[in-house]
Structure formats: C-alpha cells, structure tokens
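Good morning, colleagues. Please have the sequence and the coordinates open before you while I speak.

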Amino acid sequence: MTIKPASLLPGGNLMGYALLALLLLLVLPLALDLFRLNLIGKYLTYAFVAVGLVLCWGYGGILSLGQGVFFGLGGYAMAMFLKLEASDPESTKIQSTPGIPDFMDWNQLTELPWFWQPFHSFSFTLLAIVLVPAIIAMVIGLAMFTRRVGGVYFAIITQALAAILTILIIGQQGYTGGVNGMTDLRTLMGFDIRTDGAKYLFYYLCVLLLFGCLGLAHYISKSKLGRLLVAMRDKEDRVRFSGYDVAAFKIFVFCMAGVFSAIGGAMFTLQVGFMSPTLVGIVPSIEMVIFCAVGGRLSLIGAVYGALLVNFAKTSFSESFPELWLFAMGGLFIAVVMAFPNGLAGLYNSYVAPHLARLIARWLPATTEPAAVPAIEAKQPQGAQP
Amino acid sequence: MSNTDFVLAVEGLTVSFDGFKAVNDLSFYVDENEIRVIIGPNGAGKTTVLDLICGRTKATEGSIRFRNREITRMREHEIVRTGIGRKFQNPSIYGDLTVFENLEISYPKGRSVWGALTFKRDAEVIKRVQEVAEMIFLADLLDKQAELLSHGQKQWLEIGMLLIQDPELLMLDEPVAGMSVVEREKTAELLRRISQGRSVIVIEHDMQFVARIADKVTVLHQGKILSEGSIDKVKNDPKVIEVYLGH
C-alpha cells in the first residue's frame, strides 16, 4: 500500500527536491550576478509563505488571506533586533535621546518602549520570530475554528487582520517606524549585513531554511495528519464524528503556516535590509496566495516555483509596464483558477511527467518497478463484489 | 434520573428551534445488543434524535446517558470516544482518499495532533483494515479512490469506517437508502453480523428491511413517541397505521 492519496499531486519526490536544490544552491548562484541572486533570495522568502499555504489551504482547505501578518511579524521581529543594534548611543549621539532608534527620536519618544527591550537579545529575537506568530495564529485559530468559522468567513477575517496590522503599524509610528518601516539596518551581532559576503551567506541560509520547512511540510503532508487534513477539507463532520477534535488540527496547521511565513519574513529583513507595512497588508497577502495557486496548491515544490516565477514576472513586467502589472496579476489569478486549478504542478504532472516517465523507463528499464508493496495486497482474498 | 442497566438512556429530551419543538419530551432506552429501529413520517424528528445523541445538536432540556454517563453536554469527538459511532444519511466518506485510507483514518489510534503526526501504519492497523474491508465487501478495492465507488459501496464503506472504531453503540441513518435489492439484502445480513456485541440504532423507511433487522421499533411522530414495541405490535397499532403506514 503506497501512501499516495489518489487525488493529491505528489507533494514532491526525492528527484524533485534534488532538482530544486541543484537549481537554488548551484545553478542560480553561478548563473546570476549578486544583485539578481539577492532578488531570488527575496523571492524565496515568499516561498516560505507559499509552502505554509499549501499545507493550510491546499491540504486543509483553510484559505488565509492574511499570511502577510505572519510574514510581517517575523520580519519586524528581526528588524527590531537589527534596528536596536544600529542605534547604539555612539552612532545616534546627535539625537535628543541617544541610544533609541531614530524614528522614535523623531516622534518625541524619550525612552525605549518596554516591548522593545527584550529585542536587545538575539536569542530572544529568534524565539520571538517563531513563537509570536505561533501564539497569534493559535489565538486566531482558537477564536475561529472552535466556533466553526470557516471558508469565506475565515478568509475575510484574516484579510481584516492584515488590514488591522497595517493600520496599527502606520498609526503607531513612534513605536514601529510608521509607513517608512524600519530602515537603515546595518549589522547582525557586529557582522555587516550589507556586504557581498553577507548577501551570499543569507542567500544560502535562506535556501537551507526553506529546505528545512519543505522537509517538515513534506513530513506533515505524508503523515496521517496530512491525510486527515484532506479528509477534513472534504467531510469535516465525518472527521469530527470519527473522534477527532477538528479545531485542534486546523489550529495546528494554521500555526505551522504562520511560523513558516514568519521565518520567511525574518529572512526578508536580513536580505533586503528593511521591513515596512507595505509587505504586511491586504495586497501582499493576496499575492502570497497567488504564488501558491500558480505553483499548484497541492504541491510543496510547486509553491516554491510559483513564488519564484510570479515574482520574477512581477519584477520584469513592472520594470517595463508599471501600471499594467496589477492587471496582469489579477488576470493570472483568474487564469489559474479557471484554466489550471492545480497550477504549474498540475500542468507538470499531466503533460510533462508522463513523457519523462516514459523516457526514464526506456533508459532504465530495471528501476521503474513501483515501490515495494507490503504483504497486504498480496493476500487480498476474492471478496464478494456486487 | 435513575441509574439504569441500559446502554443508552434518553430521558425527557427536548430540543426547540425558535420555539418549534423538533423533539418533545422524548424518553427511550436501548438495551445491550439490541437493534432498535426508529421509523416515522418525514419531519418526525428521527434524524434530530441521532443529532442530539451524537452531540451535533445541543439539547434544550433532558438528559442522554450512555452507560450511565451523562453525555448531553459533551463535545462531539468526546462522545465518539466514549464509544458511540454515527453514520450519516448521505454517504459521508472522503472522496479524495483511497478506501484503505478512509478506513485507516477511522481506526481509533493517533487521534490527537501529535498522535496523528507520529502515527505508524503498522501490521496491526493493516490487519484490522483488511478484516473490516472483507466484512463490508470491499477487500478487493482497498486501493481505489473512494469517490469512484458505487453508491451502495460508499454506504458500506461508511459503515466500515464506524465498525473499525468498534463502537458500543452504532447509529445508522437510512443505511439502505438508494440501494438495489441485492445490496439491501447484503446490508441486512451485514447489520445482523456487526450488531453482535454492540447495540444499534437504525433509522429506516423500508418496512421490509425493518422487519428483517429490528428487535424493537420506535415510531416517532411530531417529536414524540407514537408507539413502541415489536414490529408486529407496531404494524398493527391503529395510530401508526393512521399517521405513517397508511391503510
């Protein structure tokens, strides 16, 4: 018995992961200059969100239009640490209150707010990047899923949350840097993040973390929990009346998606060097769903390609036709939903994979046997069939 | 509220939707190893009674006790874990998964988030799935996507999904609706077999089928019990003939 739900696209076999690793770790760094590679690194931070959405939306059927919230929480946590390090009394001595971030000084704050204090510590910051989004996702999940809020209603509420967080950040500019976000980030524990070496380092770190998340997501999707998510998407009540606490599973997967997004956000801050509310709100949150949809919402690897391709298209397209980009994005989303609902992964599986399989079969006739099947199928009796 | 030897004791159960009492001061008791059939005209409150027992609808008044344990206020999955399984009226299976996976998900192990993450498909699970699949005539179709099964097979699959939980009380809502004559007979035989060692509540319209399986019949009408007893007693009850069976 192979663990392959018939309708699910293969979330990725070893080959797919290997190819992706080859592309990200070797081909792209060799083929692109540092500026372009840094852009790829930025696109990859969205892939974290898209991978989370595959679990949450593709498998579990929970559409969140507010993943930007978690991306932002991770990004801001990292930015707060970097900002504090960049605001030592020495380099801020022209401010009326030296030693606090510049935007606080501009907003007549005279001391560091209490919730900024712990961000002096790097280990606290790393913990916060993971725990704050997890806790917030859990609170949202407890409030929504235990009351059986789902589907469109949940999507709207998450969208509202994205709007709320943006408004909050912009409104509280003394504490958050407002609409400009947190800029002028320089060093990480004394290590200059703006050098070429740092950019390569963060790119590779980003790829490694992405593979960590992919591995975790792959494990979850292949475990019984992954099958339960698919079952819940289909017949929630049946799962409930099979003795499962449906809300707990939804909360879990929503938290996972949130944590993945936050890690992406933190890597964004490190690689791009700033964090701003434009990355948190409604539009970026919806874009993140589009990355996932284009890649194929049931394919973890597809999500990475989706994030890369859509962002690449966005960059090249908006360089030449800035005002047309939004229409193109909207059109793309409609096209994906109408014409190929399983995204790139679906196209790959129905058009490319069969040809590939045939080619491989011709070359390696011996290795194409399906994976070993446990005894169960061998000893199936001839049951009565209507 | 007395302690009883019954598997299920429903007493004074009332549920009101905006003043309309779908179930009105209902009391009945189900014995060990009994097959109880609930019949009645449309809107009599049959499905609502099952909804109340399994926690899908919360009772306005009254008590439901399962093996002397009050379950009226419990959450659905907790009620399931005490040993009550419920089959829905329309076959409710996971179309995207295979028959094997459908049964495996219903296997009562790894029901917490952590349990599901670390769940291993061991020999015991495979053996149990195999056993149940044989019982429900689907042993040859374990690899088939459940969506592609026939209507009757889907009904059996859902019965199998309950069976694998090994509940002490099994509730079936119209298990033979939409089945062919042959399938009906097989299902009747199946129900006889699986009711060994557990109690079963069945809602059914098909009187022939009811006669084949029922130990005791409860007739509901407008949320109240109209008649209760053996199939012959109920069949000849003038009130039942009046509102349900017809002359």
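The largest nonpolar core of this predicted model has 180 residues, and those that touch the most other members are A:Ala47, A:Ala50, A:Val51, A:Leu53, A:Val54, A:Ala303 and A:Ala307. Helix 11 of chain A, residues 246–272, contributes the largest share of this core, with 17 residues. Take A:Ala47 as an example. Leaving aside residues up to four places away in sequence, A:Ala47 touches A:Leu210, A:Ala303, A:Val304, A:Ala307 and A:Leu308. Two of these contacts, A:Ala303 and A:Ala307, are themselves in the list of residues that touch the most other core members.

How far may chain A be trusted? The average pLDDT of chain A is 88, and 91% of the residues score at least 70. Two stretches call for caution. Over residues 1–12 of chain A the pLDDT stays under 50, and the model has 35 contacts beyond four places in sequence for them. Over residues 367–386 of chain A the pLDDT also stays under 50, with 27 such contacts in the model.

I turn now to the contact between the chains. Chain B gives 37 residues to this contact and chain A gives 34 residues. On the side of chain B that touches chain A, at least two residues each come from helix 2 (76–83), helix 3 (99–106), helix 4 (113–117), helix 5 (123–135), helix 6 (151–163) and helix 7.

Strand 2 leads us to B:Asp31, which lies in the loop between strand 2 and strand 3 (35–39) of chain B. Is B:Asp31 buried or partly exposed? With 15 other C-beta atoms within 10 Å, B:Asp31 is partly exposed. Not counting residues up to four places away in sequence, B:Asp31 touches B:Phe6, B:Val7 and B:Ser199. By contrast, B:Val113 is 82 residues from B:Asp31 in sequence and 35 Å from it in space, C-alpha to C-alpha.

A:Arg148 has a phi near 65°, a positive value in a residue other than glycine. A:Arg148 sits in the loop between helix 5 (122–145) and helix 6 (151–171) of chain A, and it is partly exposed, with 13 other C-beta atoms within 10 Å. B:Glu174 likewise has a positive phi, near 50°, in a residue other than glycine. The loop that holds B:Glu174 runs between strand 7 (169–173) and helix 7 (181–194) of chain B. B:Glu174 has 20 other C-beta atoms within 10 Å and is buried, whereas A:Arg148 is partly exposed.

Technical notes. Residues are numbered from 1 along each chain as its sequence is written. Chains are lettered from A and ligands numbered from 1 in the order in which they are written. This is a predicted model: local features need pLDDT of at least 70, side-chain atom pairs count only at pLDDT 80 or more; totals for chains, interfaces and linings use all residues. A nonpolar core is a set of buried Ala, Val, Leu, Ile, Met, Phe, Trp, Tyr and Cys residues joined through C-beta atoms within 7 Å. A residue is buried if 20 or more other C-beta atoms lie within 10 Å of its own, exposed if 12 or fewer, and partly exposed in between; C-beta atoms are placed from the backbone. Helices (H or I, at least four residues) and strands (E, at least two) are DSSP runs, numbered from the N terminus. Two residues are in contact if their C-beta atoms, placed from the backbone, lie within 7 Å. pLDDT is the predictor's confidence in each residue, from 0 to 100.
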